[in-house]
Amino acid sequence: GELTDLGFGLFKLALKLGGFLSKASLLGSDISSLAGSIIKTSLEVTKLGLKGLAVLLGTHLLLGEMSDLSLKVIALGLEVGLLLLQLGLGLRGLVELVGDFVDGVVLLLAHSSDLLLSLDAGLLQVTLQLRHLSL
């Protein structure tokens, strides 16, 4: 009897232990499934984060390119301004050169006019002397 009771008690204990192990196995399966879901969700969140980072980097690069283009436009404006200044200075020099040329022509005309006037006076004097001699 006692041995039978002990055997029967061990059998009941083994059944309870089997039920517990079965429930523990199901719980482990649920935990494993939950862990898989957490990993999938983590991967999706990581993928979203990387996409967001790519968008931010793209925006940053675009802003950088816009800033670079703006600086190039400003530099081009400065170069055009410098070119116009150089053209203005060249035009000023040309105006001065033409002014000097006109001044030279006027002086030359004035000298030639004085020379012609003095030649005319000299011829008049010679003519008067010749006339005076002929009388």
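What percentage of the 135 residues in the protein do buried residues make up? Buried residues make up 0% of them, where buried means under 20% relative accessible area, exposed means over 50%, and partly exposed lies in between (1.4 Å probe, protein chains only).

## Model and conventions

The model is predicted, and local features need pLDDT of at least 70, side-chain atom pairs count only at pLDDT 80 or more, and totals for chains, interfaces and linings use all residues. Residues are numbered from 1 along each chain as its sequence is written, and side-chain values use heavy atoms, with hydrogens and water left out.

## Fold and surface

The protein has one helix and zero strands. Both terms refer to DSSP runs numbered from the N terminus: H or I over at least four residues for helices, E over at least two for strands. Helix α1 covers residues 2-134.

Accessible areas come from the Shrake-Rupley method with a 1.4 Å probe; for residues, only the protein chains shown count as cover.

## Salt bridges

Side chains of opposite charge can pair when their charged atoms come close. A search of the whole structure finds three salt bridges, each defined as a side-chain nitrogen of Lys or Arg within 4 Å of a carboxyl oxygen of Asp or Glu. One of them joins Lys-47 to Glu-44, with 3.9 Å between the closest N and O atoms. These two residues are three apart in helix α1, so about one helical turn separates them. Lys-47 is partly exposed at 44% relative accessibility, and Glu-44 is partly exposed at 45%.

Lys-72 and Asp-68 form another salt bridge, at 3.5 Å from N to O. Both belong to helix α1, four residues apart, which is about one turn of the helix. Lys-72 is exposed, its relative accessible area being 52%, whereas Asp-68 is partly exposed at 39%.

Arg-92 pairs with Glu-96 in a salt bridge whose closest N and O atoms are 3.1 Å apart. Four residues lie from one to the other along helix α1, so Arg-92 and Glu-96 are about one helical turn apart. Arg-92 counts as exposed at 53% relative accessibility, and Glu-96 as partly exposed at 40%.

## Nonpolar patch

A nonpolar surface patch of about 940 Å² includes Leu-91, Leu-94, Val-95, Phe-101 and Leu-109 among its residues. Patches take residues with over 30% relative accessible area and no salt bridge; like charges are joined within 9 Å, and nonpolar side chains (Val, Leu, Ile, Met, Phe, Trp, Tyr) within 5 Å. Val-95, a member of this patch, is located in helix α1 and is exposed, with a relative accessible area of 55%.
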